[in-house]
There are 2 protein chains.
Amino acid sequence: MAKTVGIIGGGQLARMMIVPAIELGFEIKVLAEEPGSPAKLAATVGDYTNLDHVRDFAKTVDVITFDHEHVPIHILETLIAEGFNVQPSPDALIFAQNKLAMRKRLAELNVPIPEWAAVSSVEEISSFLERHGGVAILKTATGGYDGKGVRVIRTAVEAEDWLASGSALLIEEKVDFVRELAQLSARNPSGKWLAWPVVETIQRNGVCAEVHSPARNANFEAASKIAETIAKGLAVTGVLAVEMFETADGQLLVNELAMRPHNSGHFSIEGSVTSQFEQHLRAVLDLPLGSTEATSAHAVMLNLLGPETLNTFSEHFESAWALENNSHIHLYGKGYRAGRKMGHITALSSESLEDARAQASATYNALLA
Amino acid sequence: MAKTVGIIGGGQLARMMIVPAIELGFEIKVLAEEPGSPAKLAATVGDYTNLDHVRDFAKTVDVITFDHEHVPIHILETLIAEGFNVQPSPDALIFAQNKLAMRKRLAELNVPIPEWAAVSSVEEISSFLERHGGVAILKTATGGYDGKGVRVIRTAVEAEDWLASGSALLIEEKVDFVRELAQLSARNPSGKWLAWPVVETIQRNGVCAEVHSPARNANFEAASKIAETIAKGLAVTGVLAVEMFETADGQLLVNELAMRPHNSGHFSIEGSVTSQFEQHLRAVLDLPLGSTEATSAHAVMLNLLGPETLNTFSEHFESAWALENNSHIHLYGKGYRAGRKMGHITALSSESLEDARAQASATYNALLA
């Protein structure tokens, strides 16, 4: 009989996982934080920090997986102890939740990462800054995403509020990178692992704005090898996104990890034989993974962020579609807020990255008009 | 703001319309006959033959459209009179519901159709049989689909039960066709109309078993012209499927019409830039239609019919996916019944129809193993 996948978190990632569940005939249930979430079609409302809520939800599904990495590890460990199927397991997920744990483990695996240190005092921060040219990245070990919990600092004074809060902190060298890449892959509990070609990600104001697939002239083999080492070394299941810096001398340094479908992989809905959302379902159900082959030579994804003036984008479909280009619009059904990820556009081209980008941009501009 | 599309009927067509609604951020609601329908994620339960149920549903959406053509015309006419937006309108839908009305109207439009007559007596039937080589197709004017309400007869005796029932009947020549084609197109209320390339449909036991897109060596222009004449002449909105016979001398004769996404168009999910399900939503919302260009030179769709022995197919995903071919499996989340349309497989090939068919067949066999 068809399996039921349970997703904790009702955001756009859960929403986009509903699509392959419908196509493949899997049952799907979502535990959402509030009514009216992007994933509301499949959602019940509950508190993912409440063991009883999460357990009650787990009882109705065959496997628990995630739209975000904020479920407390102790809750997931309790579920595991009680015999529930959680993918990825808390033993892996901890490395996506806690950047200190992640840095330690990646260092053990000899994965290339920026220089870093755990810090808990002004002295340790000052010392690290001195050794790294007077500038560094300070991060909270937990709770950061989309630029939150991350700060560029030049003096220890700038760390005082976080130090005072008692949050575990780490500091990292400010890598002089030429661009950022993201390596998407997936692994199932049986150990099968498969990668998409590495993509370039372009951030604006700390938020992913643009993704180019595949990344131009990238070291595909090195990027894929890093992801494989991490996926297998950390026993990740489901989709793993490895965000990396590429330096001027071509070195790849791992920045962040996400153990779920990821913004850098949205292009795969149209751009790959198997989308990251379908792959995540296959992987957490321990089914064979699907081909990650590209459907077109080039794909460009642009995030639709809410502009300052009210714009839910759907009111501009007519002008966007009048372009009759090869762009695909995705909206997440979210209430409007400036700066919010409201949707994305993916354009494909067999010709060139520039052609794909021009099409996506034209659609973007039509939706913003 | 995002529009809400309301679909009457909770079958697989409604289910497959949920997907583009999620992608494009349209709200979607379904009025299903019973709980646990294929479209249950978006469904409320109600009786589509009950005006109050349908009106209450209509009040919650911006446009009413359909998963099937069984909603009584008088209910839809009442909704129109009350100012609701119904696409296609009952003025068009009547020609998909009533084969007598359809034959009369297509004759007026000079659309090529089989020879036919309205019949209500043994004498009329015998007379038609005599003039057509002693064999003909008897049809009930309403209520037929998937081979139901259609009967090959050689004597008027075989019509006695239907005559006794008082059903309106028509009789048609038994066309000596070489194959069956289906021409899919869509039209929006503003009058924009767009066709996909005509496909070949292969029926077994009166049910669509297989679709080849595009049809090999077909008269694409003639097929498209017929569909355009019908779509515009009948003021159809949304997707229109025109089923046709192709005779040995290359003539195309219209057999049936459907005014909704249709089994012959399932290939378009992967095989076209815009699927018939997305196109239907765009059309009924009077938005620009999307490109019907093929994503691959050849597509083959096989229906997954429930075999005699219990098989819900999902238990065979592992062996089907182990093939690692270019097939896409779709399951409808239906309870098992032998002969029931449980899902379909679409395979694409840039090489040949044979290659696409071989891939789809391999997946089909794996799912039936």
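This is a predicted model: local features need pLDDT of at least 70, side-chain atom pairs count only at pLDDT 80 or more; totals for chains, interfaces and linings use all residues.
**View 1. Chain A as a whole, with its helices, strands and overall dimensions.** Chain A is built from 12 helices and 17 strands, and its C-alpha atoms occupy a box of roughly 60 × 50 × 40 Å along the principal axes. Of the 369 residues, 51% count as buried.

**View 2. The contact between chain A and chain B.** The contact draws on 29 residues from chain A and 29 residues from chain B. On the side of chain A that touches chain B, the elements that give two or more residues are α1 (12-24), α11 (317-322) and β16 (327-331) of chain A, and it is α1(A) that gives the most, with six residues. Sorted by class, this side of chain A has 17 nonpolar, eight polar and four charged residues.

**View 3. The relation between the two copies.** Chain A is superposed on chain B, with an RMSD of 0.0 Å, by a rotation of 180° with 0.0 Å of shift along its axis, which is the relation of a two-fold axis. The same surface serves both copies, since 97% of the contact residues of chain A recur in chain B.

**View 4. The surroundings of Cys208(A).** Cys208(A) has its place in strand β12 (residues 207-213) of chain A. Because 24 C-beta neighbours lie inside 10 Å, and 20 or more are needed for the term, Cys208(A) counts as buried. Leaving aside residues up to four places away in sequence, Cys208(A) touches Thr201(A), Gln203(A), Asn263(A), Ser264(A) and Asn303(A). Ile7(A) stands 201 residues from Cys208(A) along the chain, and the C-alpha atoms of the two are separated by 23 Å.

View 5. Strand β6 (residues 136-140) of chain A runs antiparallel to β7(A) and is joined to it by four bridges; Lys139(A) has Val150(A) in β7(A) as its bridge partner.

**View 6. The four-stranded open sheet of chain B, seen at the pairing of β6 with β8.** In chain B, four strands with antiparallel pairing form an open sheet in the order β5-β8-β6-β7. Strands β5 (116-119) and β7 (150-153) of chain B stand at the edges with a single partner strand each, so one side of each is left without a neighbour in the sheet. Strand β6 (residues 136-140) of chain B pairs with strand β8 (residues 169-173) of chain B in the antiparallel sense over five bridges, and Leu138(B) stands opposite Ile171(B) in β8(B). Helix α6 (residues 122-131) of chain B packs on the sheet, touching β5, β6 and β8 of chain B, and its direction makes about 165° with that of β5(B).

Definitions and conventions: Residues are numbered from 1 along each chain as its sequence is written. Chains are lettered from A and ligands numbered from 1 in the order in which they are written. Two residues are in contact if their C-beta atoms, placed from the backbone, lie within 7 Å. Ala, Val, Leu, Ile, Met, Phe, Trp, Tyr, Cys and Pro count as nonpolar, Asp, Glu, Lys and Arg as charged, and the others, Gly among them, as polar. Copies are superposed by least squares on the C-alpha atoms of residues with pLDDT of at least 70 in both. A residue is buried if 20 or more other C-beta atoms lie within 10 Å of its own, exposed if 12 or fewer, and partly exposed in between; C-beta atoms are placed from the backbone. Two strands pair if DSSP finds at least two bridges between them. Axes are lines fitted to C-alpha atoms, for helices over the stretch in contact, and angles run from 0 to 180 degrees between N-to-C directions.
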